[in-house]
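The entries follow the order in which I looked things up.

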Amino acid sequence: MISVVRAIGLLLSASLLLAGCGERLEQFGGPTMGSSYSVKYVRGASGPSVERARGEVEGILAEIDRQMSTYRADSDVERFNALPSGSCVALPAPMLELVAFAGELSKDSDGAFDMTLEPLLNLWGFGPQSRGDQVPSAEAIAEVRARVGQHHLRIEGGELCKDAAVQLDFNAIAAGYAVDRVVARLGELGVSSALVEITGELKAVGHKPDGSPWHIAIEAPRDDRQVAQKIIRLEGLGVSTSGDYRNYFERSGQRYSHTLDPKTGSPIRHNLAAVTVVDESALRADGLSTLLMALGPEAGEAFAERHGIAAFFVIREGQGFVSHGSERFRELFEQEEK
């Protein structure tokens, strides 16, 4: 399975009302990517059965697992990761598309987004090949950083090449990509209203059977329990939250987050606790939430404003938190606050 080391900061609304007109709410779910998935969809007279929908969804998830899981030696990504510097290998089109997408995020953020951090994640104890939480030496970090960097990758035709022994990790975007794939496939089956959640990344289209919109709650950054901080309405939008409050360890009073700063090779040290991004593409929301989390509050907020990103920031301040949305976030949801 792909293991998603991400903060799951989204709670599904409990108000799933049913109505007439021959429509009903169907739902199913199960394990995936080291976590779980959930699908709720409105089924009309000609809509797919739960069995058909489940089969299609799990087929997509199985395909992504075969291609992108760093937890199975026979996956396409592990086949690539095992190759030495100077190698090229043919990869499935979806993987090349995601590498190209990640390359654009990396370029736009001056390297703040990087999908080649797996060796560093392993070094700190957060990756699939880690040997437990640890604070590595500066020398160990420097040695591993020589094998890290999005700029070491290039796509040539249908092949991915590397000029250093880099290793790919799709965890920062695989779930968002999966959500978009599932929503698109359900649409092809005749489903126009659905709420799809995969390892905390989600997207909603259409409405519930009673005609009301889907609502989700952005989770407050609490270590001990899930608490809804803000309720937002979703119509054709994907949502992703990244945070440092679920996957971390502490040593000598210092908190070490699983989100790494590619420029230092170490966990982020700023006071941004969580950031939620809303976008028409769940893939884009997924990648951007990671990118903004890596940048931190000041640089992240500036990036969001510069690129028109709908982002909601939760920042540690003293013993509590302060939160605010970007201009685009306020444009989308300010009416709900009144």
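I took two strands as paired if DSSP finds at least two bridges between them. Helices (H or I, at least four residues) and strands (E, at least two) are DSSP runs, numbered from the N terminus.

I noted that this is a predicted model, in which local features need pLDDT of at least 70, side-chain atom pairs count only at pLDDT 80 or more, and totals for chains, interfaces and linings use all residues. Residues are numbered from 1 along each chain as its sequence is written, and side-chain values use heavy atoms, with hydrogens and water left out.

Entry on the sheet. I found E4 and strand E6 (residues 159-162) paired in the antiparallel sense over three bridges. Cys-88 stands opposite Cys-161 in E6. Three strands make up this open sheet, in the order E4-E6-E5, with antiparallel pairing. Strand E4 (88-90) and strand E5 (153-156) are at the edges with a single partner strand each, so one side of each has no neighbour in the sheet.

Entry on helices H7 and H8. I read an angle of about 140° between helix H7 (residues 282-295) and helix H8 (residues 297-307), their axes being 6 Å apart. Axes are lines fitted to C-alpha atoms, for helices over the stretch in contact (heavy atoms within 4.5 Å), and angles run from 0 to 180 degrees between N-to-C directions. H7 contributes Leu-288, Leu-291, Leu-292 and Leu-295 to the contact, and H8 contributes Pro-297, Ala-299, Gly-300, Phe-303 and Ala-304.
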